Amino acid sequence: MKAVVFQGPYDLQVEDVEDPKIEQPTDVVVRITSTCICGSDLHMYEGRTDAEPGIVFGHENQGIVRRSAQASSASRRGTA
Ligand SMILES: [Zn+2]
């Protein structure tokens with residue numbers, strides 16, 4: 001999958017990263033349909049944090065659940 005990866009202050013790259021996987025009983029895998037880089041990311045982008053290169057930006061996401069660790073959870077496959 002593609003992701004926006006922090007390289008250092010004022011340096012972001014769109015890169016191929018490892019596909020997500022279920023690791024915990026509460027995990028879901030979501031196909032992202034909309035996302036953004038929010039103001040919180042600007043602190044890292046402008047070098048005001050100790051963020052290390054390799055961090056994936058973008059936490060304001062919307063999408064469709066593709067896999068769920070718990071079939072009976074509220075986040076079942078196909079829910080948005
Ligand atoms: Zn945010």
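From the N terminus on, the elements of this chain run β-β-β-α-β, and its secondary structure comes to one helix and four strands. Helices here are DSSP runs of H or I with at least four residues, strands are DSSP runs of E with at least two, and both are numbered from the N terminus. The model is a predicted one, in which local features need pLDDT of at least 70 and side-chain atom pairs count only at pLDDT 80 or more, while totals for chains, interfaces and linings use all residues. Residues are numbered from 1 along each chain as its sequence is written.

**The chain as a whole**

Of the 80 residues of the chain, 2% count as buried. A residue is called buried if 20 or more other C-beta atoms lie within 10 Å of its own, exposed if 12 or fewer do, and partly exposed in between, with the C-beta atoms placed from the backbone. Among the contacts in the chain with a separation of 6 or more, 58% are accounted for by residues 24 or more positions apart; two residues are in contact if their C-beta atoms, placed from the backbone, lie within 7 Å.

Strand β2, which spans residues 11-16, is hardly covered, since the count of buried residues among its six residues is zero.

The two strands form a hairpin with two residues between them. Y10, in the loop between β1 and β2, has a phi near 60 degrees, a positive value in a residue other than glycine. Y10 counts as exposed because it has 8 C-beta neighbours inside 10 Å.

**The N-terminal residue**

M1 is found in the segment before β1, the strand of residues 2-8. M1 is exposed, because 10 other C-beta atoms lie within 10 Å. When residues up to four places away in sequence are not counted, M1 touches V17 and D19.

**The loop between α1 and β4**

P53 has its place in the loop between α1 (39-45) and β4 (62-68), and H59 lies in the loop between α1 and β4 as well. P53 is exposed, because 11 other C-beta atoms lie within 10 Å, and H59 is exposed with 11 other C-beta atoms within 10 Å. With residues up to four places away in sequence left out, P53 touches F6, Q7 and G8.

**Pairs separated in sequence**

| Pair | Separation in sequence | C-alpha to C-alpha distance |
|---|---|---|
| M1 and E15 | 14 residues | 8.2 Å |
| P53 and V5 | 48 residues | 7.7 Å |
| H59 and C36 | 23 residues | 7.5 Å |

Note on methods
Two strands pair if DSSP finds at least two bridges between them.
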